[in-house]
Amino acid sequence: AYGNSVAYDSENNILVAFTTQNEVTGLPQSTVIKFDPNGLIYWRKSVPASNVNNILLPSYGDSVAVDANNNVYLLTNIPADASTLVTKFDYLGQNVWSTLISDSKESRDLTVDDEEFPYYVGGHNLITGLDITGELYFTHYSSTIDKAYSVMALPNRIGVYVGSDGG
């Protein structure tokens with residue numbers, strides 16, 4: 001298992017996006033673990049390998065973010081299908097929604113704005129936004145963004161900042 005991203009909620013709990021190994025299939029699977037401030041596991045949720053056309057595909061947990069209500073968002077890459085899965089969990093770890101976006105490979109970073117709209121970026125030269133229900137809100141391609149690695153939402157609908165290899 002290896003961790004890729006860390007976030008904190010308003011109660012000082014620690015959230016970590018991991019890639020772990022599925023005990024049944026042996027394939028990599030995206031996992032988020034919520035630790036209490038003392039490091040004890042509060043809950044653990046995994047996104048098992050994706051089943052595409054009856055073929056199991058590995059999934060990788062690459063980023064985690066937390067909104068103002070302590071909901072948790074997990075960014076999962078499914079490289080064999082060139083897709084990205086964004087999953088929202090409530091503060092207790094219950095799945096609220098999951099959205100699979102095709103043609104969205106190498107996603108790297110995830111953020112959530114103050115209205116609970118998640119955004120993510122990656123090596124696909126896109127910034128993608130979802131609404132509060134997980135529906136696709138927008139996708140913006142930029143020829144000037146080369147392999148975006150970080151995204152930060154600004155408050156009050158001001159916008160998002162994207163950090164990339166291209167500046």
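Me: What is the strand order in the open sheet of 4 strands?
Reply: The order is β1-β2-β3-β4, and the pairing is antiparallel. Strands here are DSSP runs of E with at least two residues, numbered from the N terminus, and two strands pair if DSSP finds at least two bridges between them.

Me: Which strands stand at the edges?
Reply: β1 (2-8) and β4 (41-47) do; each has a single partner strand, so one side of each is left without a neighbour in the sheet.

Me: How many bridges join β2 and β3?
Reply: Strand β2 (residues 14-21) and strand β3 (residues 28-35) pair in the antiparallel sense over 8 bridges. Within that pairing, Val-16 has Ile-33 of β3 as its bridge partner.

Me: Before going on, what kind of model is this?
Reply: This is a predicted model, in which local features need pLDDT of at least 70 and side-chain atom pairs count only at pLDDT 80 or more, while totals for chains, interfaces and linings use all residues. Residues are numbered from 1 along each chain as its sequence is written, and side-chain values use heavy atoms, with hydrogens and water left out.

Me: Where is confidence lowest in the chain, and where highest?
Reply: Confidence is lowest in strand β16 (residues 159-164), with a mean of 55, and highest in β3, at 95. The chain averages a pLDDT (the predictor's confidence in each residue, from 0 to 100) of 82, and 77% of the residues score at least 70. Where pLDDT is low, the predicted coordinates should not be read in detail.

Me: Changing topic, how many salt bridges does the count come to?
Reply: The count comes to 2, a salt bridge being a side-chain nitrogen of Lys or Arg within 4 Å of a carboxyl oxygen of Asp or Glu. One of them joins the side chains of Asp-9 and Lys-34 at 3.6 Å, N to O. Asp-9 lies in the loop between β1 and β2 and Lys-34 in strand β3, 25 residues apart.

Me: Is Lys-34 buried or exposed?
Reply: Lys-34 counts as buried because its relative accessibility is 3%; buried means under 20% relative accessible area, exposed over 50%, and partly exposed in between (1.4 Å probe, protein chains only). Asp-9, at 6%, also counts as buried.

Me: Which residue forms a salt bridge with Glu-116?
Reply: Lys-88 does, with the closest N and O atoms 3.1 Å apart. Glu-116 sits in the loop between β11 (107-112) and β12, whereas Lys-88 is in strand β9 (residues 83-89).
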